[in-house]
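Have a go at each task before you read its solution.

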Amino acid sequence: MFKTLFLASTAAALLVGAASAADLPRRAAPPVFVPVPVFTWTGFYAGFNAGYGFDASSNSAPTVIGVNSASTLVRPGTTQAIAFGNGRSNDGFVGGGQIGYNYQFTPGSGVVVGVEADAQYVDFGRERNRFSATGPLAAQQVFNPAGVSSLDYFGTVRGRLGYAFDRTLVYGTGGFAYGSGGGREFGLNSGSRDSFQTGWAAGGGIEYALPTDSFFNFFKSSAVTFKVEGLYVNLEQNNRNAGAFAVNNAGATIFTNSPGVVLASGGRQVRDTEFAVVRAGLNYKFGSY
């Protein structure tokens, strides 16, 4: 009998203990801490841009070319002068692409250095044929021998130095520039050739990194950045002669190296190609977050 009571008491105690244990709170596994990555501008990028360019030259003096009866620019037996005002606006669309690399010394906020190369199409041709003449010409169009109207494309290779405030970057930039196309060089003592010019560029801008899941992230890059930039470009024309070329009524090209063509100024006219560009662009960043 005693043995039966002992066994019954033990069983009851075990049941009560099990019920009490079931009521105790369970110990859950500690949450896994996942650190939020800190944004950095370090990495390669590529993108495109579009904007507006305009003449930034301080020289508004007219370019005057005097021609005599030996020139095919004028009608036989006449001597005339052709003048380009150079004060009219030479401006238009600018667009192209860029590639580059940035390095940020401290993620989050800090100094950023980089290098960028870009190539741009230029549409500065609206005022190219604006001129006045002292008499009727044998030409249908006469092309300006100076100024940015002779530029069809340009490019730069520049360094960048800035400071990042997390996803916002403020920077300055400067370096080598080149350009060519459109107008050709027609000198008094030389034939025509493509006018390749070199010089320098400087400017600055602000760039902002959009969220990774931005609508603009077509290429699934690590970041998409939007920038607004201003750039001044100066291309040196060295010792080029200031001539002119034209198209006559038959569609043939007339050059200023025709016999007897002279400059009214009596010498060479040299004018650098100077213009400013304001543009906006998107960059697709690849590499670090």
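**Exercise 1. Aromatic rings**

Find the cluster that ring pairs form with Phe 176, then examine the pair made by Trp 200 and Tyr 232.

*Solution.* Step 1: ring pairs join Phe 176 to Tyr 178 and Phe 196 in one cluster. Rings of Phe, Tyr and Trp (its six-membered ring) pair if their centres lie within 6.5 Å; planes under 30 degrees apart are stacked, over 60 edge-to-face, and the rest tilted. This is a predicted model, where local features need pLDDT of at least 70, side-chain atom pairs count only at pLDDT 80 or more, and totals for chains, interfaces and linings use all residues. Residues are numbered from 1 along each chain as its sequence is written, and side-chain values use heavy atoms, with hydrogens and water left out.

Step 1: the structure holds nine aromatic pairs. In one of them, the ring centres of Trp 200 and Tyr 232 are 5.3 Å apart and the planes meet at 55°, so this pair is tilted. It links distant parts of the chain, with Trp 200 in strand 12 (residues 197-210) and Tyr 232 in strand 13, 32 residues apart. Strands here are DSSP runs (E, at least two residues), numbered from the N terminus.

Step 2: Trp 200 is partly exposed because its relative accessibility is 39%, and Tyr 232 is partly exposed at 24%. The cut-offs are under 20% relative accessible area for buried and over 50% for exposed, with partly exposed in between (1.4 Å probe, protein chains only).

**Exercise 2. Charges over rings**

Which ring lies under the charged end of Arg 160, and which one does Arg 167 lie over?

*Solution.* Step 1: apply the criterion, namely NZ of Lys or CZ of Arg within 6 Å of the ring centre and within 35 degrees of the ring normal. Step 2: Arg 160 has its charged end over the ring of Tyr 171, 4.3 Å from the centre. Step 3: Arg 167 lies over the face of Phe 39, at 4.6 Å from the ring centre.

**Exercise 3. Strand 16 and its partners**

Is strand 16 mostly covered or uncovered, and which strand pairs with it over 13 bridges?

*Solution.* Step 1: in strand 16 (residues 273-286), 11 of the 14 residues are buried, which leaves the strand mostly covered. Step 2: two strands pair if DSSP finds at least two bridges between them. Strand 13 pairs with strand 16 over 13 bridges, in the antiparallel sense, and Val 233 has Phe 275 as its bridge partner there.

Step 1: strand 1 (residues 43-55) is also antiparallel to strand 16, over 12 bridges. Here Phe 54 is partnered by Ala 276, while Tyr 52 stands opposite Val 278. Step 4: strand 1 is joined to strand 4 (residues 91-104) by 12 bridges, again antiparallel, with Gly 47 opposite Gln 98.

Methods: Helix = DSSP H or I, 4+ residues; strand = E, 2+ residues; numbered from the N terminus.
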